[in-house]
Amino acid sequence: MLRWLPRARVPAPPPAAAARSLVTAVPLAYVEMRGREDRLPLVLLHGLFGSASNLQSVAKALACRGSRKVLMPDARNHGSSPGSPLMTYEAMSLDVQHLLDRLGITKCIVLGHSMGGKTAMTLALQRPDLVERLISVDISPVLTSHISEFSAYISAMKSVKIPDGLARSAARQLADNQLREVVQLPQLRQYLLTNLLEVEGRYVWRVNLEAISHHLADIINFPIFHKPYPGPALFLRGSNSPYISSKHYPEIQRLFPKADIQDIEGAGHIVHQDKFEELVTAVLNFLPPL
């Protein structure tokens with residue numbers, strides 16, 4: 001059974017009510033694409049089981065063609081960022097706030113995909129002074145009820161067994177075979193396997209599956225907000241994805257009254273993989289004029 005590689009000591013998860021009153025930011029690891037300093041930076045937030053590397057091609061295109069700096073943090077319990085037993089949108093928003101403060105950024109543009117989109121929306125609703133405009137890629141500010149399979153994915157990842165000392169290519173193939181029964185889409189298995197890490201001949205997961213599993217209900221849900229975000233917002237929907245439905249439009253409009261909802265034709269949930277150029281073009285058209 002593979003274990004998680006902790007980036008910091010992680011205590012046992014506290015009760016949910018107590019945890020919310022003890023929200024503490026973790027120092028996020030991040031990757032930066034250089035750009036003009038006189039333009040607002042763009043912050044890209046990845047989805048569940050992802051990392052900054054998943055959005056690297058998007059970041060390069062936006063940094064080059066948008067002529068601005070792009071930041072890609074790893075969320076807590078993901079990538080190279082520290083672990084924490086708490087995995088709520090309030091906590092993940094606080095992490096981004098602290099990163100911006102650490103970097104001296106007082107205002108930015110935020111783009112988030114899936115879980116990252118909900119973190120971006122939470123940040124905009126909590127701290128509209130920090131967010132000049134918001135881009136949510138294929139996610140709504142509502143309960144995402146149809147992704148209960150994530151629990152099965154976590155169980156499958158926990159049950160993967162790889163002998164110590166196995167070559168990396170063989171280890172990935174073995175893990176792929178063990179995940180195949182539960183995670184049937186090859187593209188999704190490859191996405192999950194980006195988290196397989198070799199440390200001194202042993203294989204571990206770099207995502208904190210325990211914390212994610214403990215807070216899965218928080219991750220598929222969305223916090224309650226009453227005051228809307230006053231800035232421009234763009235919701236990009238994969239036309240082949242169920243994650244943004246017309247049933248969600250009233251709540252999107254309530255919380256983001258200046259929202260524009262656009263379809264990316266032919267895209268599923270992983271919009272940047274399915275329709276890379278269309279996504280980049282839509283984002284560039286939404287950014288402030290150069």
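Predicted model: local features only at pLDDT ≥ 70, side-chain atom pairs only at ≥ 80, totals over all residues.
## Before you start

Residues are numbered from 1 along each chain as its sequence is written. Local features need pLDDT of at least 70 and side-chain atom pairs count only at pLDDT 80 or more, while totals for chains, interfaces and linings use all residues, and side-chain values use heavy atoms, with hydrogens and water left out.

## Helices H3 and H4

Let's begin with helix H3 (residues 89–102) and helix H4 (residues 115–126), whose axes come within 9 Å and cross at roughly 75 degrees. Helices here are DSSP runs of H or I with at least four residues, numbered from the N terminus. Axes are lines fitted to C-alpha atoms over the stretch in contact, and angles run from 0 to 180 degrees between N-to-C directions. H3 is therefore roughly perpendicular to H4 (65 to 115 degrees; under 35 is roughly parallel, over 145 roughly antiparallel, and the rest oblique).

Contact means heavy atoms within 4.5 Å. On the H3 side it involves Tyr89, Glu90, Met92, Ser93, Val96 and Gln97, and on the H4 side Met115, Lys118, Thr119, Thr122, Leu123 and Gln126. By class, this contact has five nonpolar, five polar and two charged residues. Ala, Val, Leu, Ile, Met, Phe, Trp, Tyr, Cys and Pro count as nonpolar, Asp, Glu, Lys and Arg as charged, and the others, Gly among them, as polar.

## Helices H2 and H12

Next come helix H2 (residues 56–65) and helix H12 (residues 276–286), with axes that come within 10 Å and cross at roughly 40 degrees. H2 and H12 are therefore oblique to each other.

H2 brings Ser57, Val58, Ala61, Leu62 and Arg65 to the contact, and H12 brings Phe276, Glu277, Leu279, Val280, Thr281, Val283 and Leu284. Eight of these residues are nonpolar, two polar and two charged.

## The two cavities

Searching the whole structure turns up two cavities of 30 Å³ or more. On a 1 Å grid over the protein atoms alone, a cavity is a set of points where a 1.4 Å probe fits but cannot get out, and lining residues have an atom within 4 Å of a point. Grid points are joined across faces, edges and corners, and a volume is the space filled by probe spheres set on the points.

The largest cavity holds about 90 Å³ of space. Among its 13 lining residues, Leu45, Asp74, Ala75, Val96 and Thr119 are the closest to its centre. H3 and H4 are the elements that give two or more residues to this lining. The second largest cavity holds about 50 Å³, and is lined by His46, Gly47, Asn54, Leu55, His113, Tyr191, Ile270 and His272.

How values were computed: 1 Å grid on protein atoms, 1.4 Å probe; cavity = no way out; pocket = protein on both sides within 12 Å on 5 of 7 lines; lining within 4 Å.
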